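This report describes selected local features of one protein model. Please examine the sequence and the structure shown below before reading on.

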Amino acid sequence: MTQVIFLNGGSSSGKSGIVRCLQAVLPGSWLAFGVDTLVDAMPASVQASDAGIEFAPDGEVIVGPEFRNLEAAWIEGIAAMARAGARIIIDEVFLGGADSQQRWQKALGELRVLWVGVRCDGVIAAGREIARGDRVTGMAMSQAEAVHRGMVYDLEVDTAHAESMECARAIAVHVR
């Protein structure tokens with residue numbers, strides 16, 4: 001039985017919409033967590049520190065050791081919830097590509113995980129980013145392809161060509 005569905009894609013690629021649709025179409029209760037959840041939970045001092053997380057004016061995201069320490073604890077906590085029986089959907093942006101996936105794979109260990117790449121053309125994601133108004137301009141374009149480098153997925157969806165619900169249904173078919 002799938003215990004964790006892991007969505008990786010760049011900023012404004014449509015992951016959050018897919019998560020909401022997955023929660024609506026999958027049987028049972030699925031908890032949703034994302035990297036935004038982690039960042040929002042951090043104190044302002046970590047969000048504005050060289051040791052924490054910084055958002056450069058060009059959209060680059062820079063993470064420091066304090067962010068990595070909190071992220072490691074968060075990852076272990078998510079894995080513990082899945083081991084305790086919660087079914088979880090994770091919405092992530094793998095800035096470190098394959099290294100990021102390996103950190104999660106190590107923590108998730110023996111759990112059944114469905115790895116999903118959420119792709120979206122950078123120009124389309126950049127348009128969504130502007131429309132949202134809550135992101136640093138440039139993040140979507142810089143992350144669109146970079147987050148997928150070196151990744152291994154069970155399935156990929158493309159939100160430039162399919163709506164969130166269509167993507168969720170395609171993913172749901174692979175959930176056992």
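Which residue caps the N-terminal end of helix 6? In this predicted model, the cap is Asp121, which places a side-chain oxygen 2.9 Å from the backbone nitrogen of Val123.

Helix 6 spans residues 122-132, and its buried residues are Gly122, Ala125, Ala126 and Glu129. Viewed down the helix axis, these buried residues fall within an arc of 105°, so they line one face of helix 6. An α-helix has 3.6 residues a turn, so residues three or four places apart point the same way. Helix 7 is included in what covers the buried residues of helix 6. On the other side of helix 6, Val123 and Ala131 are exposed.

The largest pocket has a volume of about 610 Å³. Its lining consists of 36 residues, and Ser11, Val35, Asp36, Val93 and Arg135 lie nearest the centre of the pocket. The lining residues divide into 13 nonpolar, 11 polar and 12 charged. Several elements each supply at least two residues of this lining, among them helix 1, helix 2 (35-41), strand 5 (87-92) and helix 7 (139-143).

Conventions: Residues are numbered from 1 along each chain as its sequence is written. This is a predicted model: local features need pLDDT of at least 70, side-chain atom pairs count only at pLDDT 80 or more; totals for chains, interfaces and linings use all residues. Side-chain values use heavy atoms; hydrogens and water are left out. On a 1 Å grid over the protein atoms alone, a cavity is a set of points where a 1.4 Å probe fits but cannot get out, and a pocket is an open set with protein on both sides within 12 Å along at least five of seven lines; lining residues have an atom within 4 Å of a point. Grid points are joined across faces, edges and corners, and a volume is the space filled by probe spheres set on the points. Helices (H or I, at least four residues) and strands (E, at least two) are DSSP runs, numbered from the N terminus. Ala, Val, Leu, Ile, Met, Phe, Trp, Tyr, Cys and Pro count as nonpolar, Asp, Glu, Lys and Arg as charged, and the others, Gly among them, as polar. Buried means under 20% relative accessible area, exposed over 50%, partly exposed in between (1.4 Å probe, protein chains only). The arc is that of the directions from the helix axis to the C-beta atoms. Contact means heavy atoms within 4.5 Å. A polar contact is a pair of N or O atoms within 3.5 Å; within protein, one must be able to donate a hydrogen and the other to accept it, and residues adjacent in sequence count only if both atoms are side-chain atoms.
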